[in-house]
Amino acid sequence: MAQKAAKQQAARNTSMLKRTHLISLAVNAFFILLRVLVFQASCTRSTYLLYGLLSAPAFVIEFWFERIGRPAIAASGDLKRSGEDLEAKGLTEYMWDVLYWTWGCIIVATVFGDKAWWAYLVVPCYSIWLAWTTFGGMKQGMLGMPGGGDTEGMTNGPTSNRQKKMEKKGGQKMQYR
């Protein structure tokens with residue numbers, strides 16, 4: 001049972017990568033087949049230019065996931081490297097969001113035409129919102145640090161019942177550093 005966690009990680013990554021490649025193949029084949037066979041009258045050069053330009057992030061992310069997530073197996077059949085966790089929080093999670101959104105935009109653009117590519121503007125807007133909330137959270141966290149910003153209006157935290165009674169009696173007021 002040596003490296004049980006690594007073997008489980010390798011199996012999860014392999015199945016996720018296989019599923020990702022199959023979905024990507026299906027979505028892109030759907031676009032090409034429908035645009036060439038069914039909607040060929042509305043297909044222009046700009047259609048294929050937009051498709052190539054706006055589906056490039058999905059191809060890059062898929063390549064990156066393949067590169068970091070594919071398990072490496074030695075010639076003897078032993079697991080050399082299980083690959084990075086493709087279910088990790090943070091940047092990996094954001095990259096999955098971009099990949100799913102790109103696939104959705106491809107499907108919508110296949111059915112509704114080139115104007116549907118405007119839906120892809122959600123990705124940079126989401127990136128800006130994510131950066132803003134992350135920065136805002138860091139800024140709030142630094143308020144309590146020395147030199148971290150204005151600390152007026154901040155409370156010293158919850159007080160215990162004993163401290164409240166002491167203050168009510170007019171006794172010594174507790175001070176916190």
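Q: What does contact mean for Trp 117?
A: Contact means heavy atoms within 4.5 Å. In this predicted model, and leaving aside neighbours within four places in sequence, Trp 117 is in contact with Phe 31, Leu 50, Tyr 51, Leu 54, Cys 105, Ile 106 and Ala 109.

Q: Which residues of the largest nonpolar core touch the most other members?
A: Trp 117 is one of them, together with Phe 65, Leu 86 and Leu 99; the core has 24 residues. Helices H1 (4-38), H2 (45-69) and H3 (91-112) are the elements that each give two or more residues to this core. H3 provides the largest share, 9 residues.

Q: How do the axes of H2 and H3 cross, and which residues make the contact?
A: The two axes come within 9 Å and cross at roughly 145°, and the crossing is left-handed. On H2 the contact residues include Tyr 51, Leu 54 and Phe 65, and on H3 they include Trp 96, Leu 99, Trp 103 and Ile 106. By class, this contact has 12 nonpolar, 3 polar and no charged residues.

Q: How many aromatic pairs are in the whole structure?
A: A search finds 7. In one of them, Tyr 100 and Trp 103 are tilted, with 5.8 Å centre to centre and 55° between the planes. Ring pairs also link Phe 65, Trp 96, Tyr 100 and Trp 103 into a cluster.

Q: Where do Tyr 100 and Trp 103 lie in helix H3?
A: Because they are 3 residues apart in H3, about one helical turn separates Tyr 100 and Trp 103.

Q: Is Trp 103 buried or exposed?
A: Trp 103 is buried, with a relative accessible area of 6%, while Tyr 100 is partly exposed at 42%. The cut-off for buried is under 20%.

Note on methods: Residues are numbered from 1 along each chain as its sequence is written. This is a predicted model: local features need pLDDT of at least 70, side-chain atom pairs count only at pLDDT 80 or more; totals for chains, interfaces and linings use all residues. Side-chain values use heavy atoms; hydrogens and water are left out. A nonpolar core is a set of buried Ala, Val, Leu, Ile, Met, Phe, Trp, Tyr and Cys residues joined through side-chain atoms within 4.5 Å. Buried means under 20% relative accessible area, exposed over 50%, partly exposed in between (1.4 Å probe, protein chains only). Helices (H or I, at least four residues) and strands (E, at least two) are DSSP runs, numbered from the N terminus. Axes are lines fitted to C-alpha atoms, for helices over the stretch in contact, and angles run from 0 to 180 degrees between N-to-C directions. A crossing is left-handed if the near helix is turned anticlockwise from the far one by less than a right angle, and right-handed if clockwise. Ala, Val, Leu, Ile, Met, Phe, Trp, Tyr, Cys and Pro count as nonpolar, Asp, Glu, Lys and Arg as charged, and the others, Gly among them, as polar. Rings of Phe, Tyr and Trp (its six-membered ring) pair if their centres lie within 6.5 Å; planes under 30 degrees apart count as stacked, over 60 as edge-to-face and the rest as tilted.
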